[in-house]
Amino acid sequence: MKLGEGVEAAIHCAATLASVDGNSTMPGAALAESFGLSPSYLLKHLNMLCAARILESISGPAGGYRLARPAESITLLDIVLAIEGREPAFRCGEIRRNGPVKLDASAYVKPCGINAAMLKAERAYRAALAETKLSDIVADYAAEGDPRSFAASCAFVARHQRPQKSSSIPQPPKHM
(Lines give C-alpha, C1' and ligand atoms only; values in the text may rest on other atoms or scores of the structure.)
Protein backbone atom coordinates (compact mmCIF):
# COMPACT_ATOMS: atom_id res chain seq x y z
CA MET A 1 0.00 0.00 0.00
CA LYS A 2 1.26 3.43 -0.86
CA LEU A 3 -0.18 6.55 0.69
CA GLY A 4 0.13 9.92 -0.98
CA GLU A 5 2.81 12.35 0.16
CA GLY A 6 0.04 14.57 1.50
CA VAL A 7 -0.52 12.14 4.38
CA GLU A 8 3.01 12.65 5.67
CA ALA A 9 2.70 16.42 5.34
CA ALA A 10 -0.69 16.41 7.08
CA ILE A 11 0.54 14.35 10.04
CA HIS A 12 3.65 16.50 10.47
CA CYS A 13 1.62 19.71 10.32
CA ALA A 14 -0.94 18.42 12.81
CA ALA A 15 1.88 17.34 15.15
CA THR A 16 3.45 20.78 14.85
CA LEU A 17 0.15 22.48 15.58
CA ALA A 18 -0.31 20.23 18.62
CA SER A 19 2.63 22.03 20.16
CA VAL A 20 1.60 25.66 19.74
CA ASP A 21 0.79 27.54 22.94
CA GLY A 22 -2.84 27.72 24.02
CA ASN A 23 -5.10 28.85 21.21
CA SER A 24 -2.32 30.28 19.04
CA THR A 25 -2.18 29.62 15.31
CA MET A 26 0.57 29.12 12.76
CA PRO A 27 0.38 30.46 9.23
CA GLY A 28 0.27 27.92 6.44
CA ALA A 29 3.36 29.50 4.88
CA ALA A 30 5.35 28.79 8.06
CA LEU A 31 4.16 25.17 8.10
CA ALA A 32 5.17 24.81 4.45
CA GLU A 33 8.56 26.37 5.17
CA SER A 34 9.20 24.08 8.13
CA PHE A 35 8.91 20.98 5.91
CA GLY A 36 10.27 22.42 2.67
CA LEU A 37 6.91 22.14 0.90
CA SER A 38 5.21 24.36 -1.63
CA PRO A 39 2.67 26.56 0.18
CA SER A 40 0.04 25.96 -2.52
CA TYR A 41 0.55 22.17 -2.27
CA LEU A 42 0.27 22.24 1.51
CA LEU A 43 -2.75 24.55 1.50
CA LYS A 44 -4.77 21.91 -0.34
CA HIS A 45 -4.05 19.41 2.43
CA LEU A 46 -4.59 21.88 5.26
CA ASN A 47 -8.01 22.64 3.75
CA MET A 48 -8.81 18.91 3.73
CA LEU A 49 -7.90 18.74 7.43
CA CYS A 50 -10.16 21.73 8.09
CA ALA A 51 -13.04 20.10 6.20
CA ALA A 52 -12.57 17.01 8.38
CA ARG A 53 -12.61 19.22 11.52
CA ILE A 54 -9.09 18.21 12.49
CA LEU A 55 -7.80 21.75 12.00
CA GLU A 56 -9.49 25.09 12.00
CA SER A 57 -8.47 28.07 9.95
CA ILE A 58 -8.49 31.49 11.60
CA SER A 59 -8.58 34.47 9.26
CA GLY A 60 -7.09 37.90 9.77
CA PRO A 61 -3.62 39.35 10.24
CA ALA A 62 -2.87 37.09 13.21
CA GLY A 63 -4.64 34.13 11.62
CA GLY A 64 -3.41 30.75 10.61
CA TYR A 65 -4.17 27.16 11.54
CA ARG A 66 -4.65 25.36 14.83
CA LEU A 67 -6.06 22.06 15.96
CA ALA A 68 -9.86 22.01 16.01
CA ARG A 69 -9.85 19.62 18.95
CA PRO A 70 -7.32 18.32 21.45
CA ALA A 71 -4.48 16.16 20.10
CA GLU A 72 -5.65 13.36 22.41
CA SER A 73 -8.83 13.05 20.36
CA ILE A 74 -7.18 13.01 16.91
CA THR A 75 -5.92 9.69 15.58
CA LEU A 76 -3.63 8.96 12.67
CA LEU A 77 -6.62 7.28 11.03
CA ASP A 78 -8.56 10.56 11.24
CA ILE A 79 -5.76 12.30 9.35
CA VAL A 80 -5.27 9.54 6.76
CA LEU A 81 -9.00 9.42 6.00
CA ALA A 82 -9.14 13.22 5.71
CA ILE A 83 -6.41 13.17 3.06
CA GLU A 84 -6.93 9.85 1.29
CA GLY A 85 -10.70 9.48 1.65
CA ARG A 86 -12.74 6.68 3.19
CA GLU A 87 -12.54 4.20 0.33
CA PRO A 88 -10.44 1.11 1.03
CA ALA A 89 -6.99 1.09 -0.55
CA PHE A 90 -7.86 -2.12 -2.43
CA ARG A 91 -10.97 -2.04 -4.54
CA CYS A 92 -11.90 -5.36 -6.07
CA GLY A 93 -12.98 -5.04 -9.69
CA GLU A 94 -14.09 -8.68 -9.88
CA ILE A 95 -11.67 -9.26 -12.76
CA ARG A 96 -12.06 -12.99 -12.18
CA ARG A 97 -15.27 -12.61 -14.22
CA ASN A 98 -13.58 -10.89 -17.17
CA GLY A 99 -11.72 -13.76 -18.87
CA PRO A 100 -12.62 -15.31 -22.20
CA VAL A 101 -14.83 -17.94 -20.53
CA LYS A 102 -17.99 -16.18 -19.40
CA LEU A 103 -19.68 -18.04 -16.57
CA ASP A 104 -23.07 -17.40 -15.07
CA ALA A 105 -23.13 -15.24 -11.91
CA SER A 106 -23.99 -18.38 -9.92
CA ALA A 107 -20.36 -19.49 -10.40
CA TYR A 108 -19.30 -16.58 -8.21
CA VAL A 109 -21.52 -17.07 -5.17
CA LYS A 110 -18.60 -17.00 -2.75
CA PRO A 111 -16.89 -13.64 -2.28
CA CYS A 112 -13.53 -13.25 -3.98
CA GLY A 113 -10.88 -14.66 -1.62
CA ILE A 114 -8.38 -12.03 -2.71
CA ASN A 115 -10.83 -9.24 -1.89
CA ALA A 116 -11.57 -10.82 1.50
CA ALA A 117 -7.85 -11.06 2.35
CA MET A 118 -7.17 -7.50 1.26
CA LEU A 119 -10.12 -6.13 3.25
CA LYS A 120 -8.92 -8.05 6.31
CA ALA A 121 -5.50 -6.40 5.96
CA GLU A 122 -7.19 -3.01 5.50
CA ARG A 123 -9.15 -3.47 8.74
CA ALA A 124 -5.94 -4.33 10.63
CA TYR A 125 -4.12 -1.35 9.13
CA ARG A 126 -6.94 1.04 10.01
CA ALA A 127 -7.24 -0.39 13.52
CA ALA A 128 -3.52 0.27 14.13
CA LEU A 129 -3.88 3.86 12.91
CA ALA A 130 -7.01 4.35 15.03
CA GLU A 131 -5.05 3.31 18.13
CA THR A 132 -2.36 5.94 17.59
CA LYS A 133 -3.27 9.41 18.79
CA LEU A 134 -1.61 12.58 17.59
CA SER A 135 -0.68 13.28 21.22
CA ASP A 136 1.21 9.93 21.30
CA ILE A 137 3.28 10.95 18.29
CA VAL A 138 4.16 14.31 19.86
CA ALA A 139 5.00 12.72 23.24
CA ASP A 140 7.19 10.06 21.61
CA TYR A 141 9.06 12.73 19.66
CA ALA A 142 9.63 14.75 22.82
CA ALA A 143 10.84 11.69 24.73
CA GLU A 144 12.83 9.86 22.05
CA GLY A 145 13.68 12.34 19.31
CA ASP A 146 17.12 13.79 18.87
CA PRO A 147 17.37 16.72 21.33
CA ARG A 148 18.76 18.99 18.61
CA SER A 149 15.81 18.29 16.34
CA PHE A 150 13.37 18.71 19.21
CA ALA A 151 14.93 22.05 20.24
CA ALA A 152 14.92 23.31 16.65
CA SER A 153 11.25 22.34 16.25
CA CYS A 154 10.29 24.07 19.49
CA ALA A 155 12.18 27.22 18.46
CA PHE A 156 10.49 27.22 15.05
CA VAL A 157 7.05 26.91 16.62
CA ALA A 158 7.81 29.64 19.17
CA ARG A 159 9.00 31.96 16.38
CA HIS A 160 5.99 31.44 14.10
CA GLN A 161 3.00 30.91 16.36
CA ARG A 162 0.47 33.72 16.53
CA PRO A 163 -1.39 34.28 19.81
CA GLN A 164 -5.17 34.62 19.55
CA LYS A 165 -7.50 36.56 21.83
CA SER A 166 -10.15 33.86 22.27
CA SER A 167 -10.48 30.15 21.66
CA SER A 168 -13.18 27.59 21.34
CA ILE A 169 -10.71 25.06 22.73
CA PRO A 170 -8.98 26.26 25.89
CA GLN A 171 -5.59 24.60 26.09
CA PRO A 172 -2.64 25.11 28.39
CA PRO A 173 0.68 26.10 26.81
CA LYS A 174 2.68 23.13 25.58
CA HIS A 175 5.83 22.56 23.65
CA MET A 176 6.82 19.92 21.14
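Does Arg97 count as buried, partly exposed or exposed, and at what relative accessibility? At 34% relative accessibility, Arg97 counts as partly exposed, where buried means under 20% relative accessible area, exposed over 50% and partly exposed in between (1.4 Å probe, protein chains only). This is a predicted model, in which local features need pLDDT of at least 70 and side-chain atom pairs count only at pLDDT 80 or more, while totals for chains, interfaces and linings use all residues. Residues are numbered from 1 along each chain as its sequence is written, and side-chain values use heavy atoms, without hydrogens and water.

**Salt bridges**
- Six salt bridges are counted, each a side-chain nitrogen of Lys or Arg within 4 Å of a carboxyl oxygen of Asp or Glu.
- Glu94 pairs with Arg96 at 2.7 Å between the closest N and O atoms, and with Arg97 at 3.3 Å.
- Shared partners join Glu94, Arg96 and Arg97 into one network.
- Asp78 and Arg69 form a salt bridge at 3.1 Å, N to O.

- Residues touched by Leu17 include Met26, Leu55 and Leu67, not counting residues up to four places away in sequence.

**Helix 1**
- Of its 13 residues, 10 are buried, including Gly6, Cys13 and Leu17.

How values were computed: Contact = heavy atoms within 4.5 Å. Helix = DSSP H or I, 4+ residues; strand = E, 2+ residues; numbered from the N terminus.
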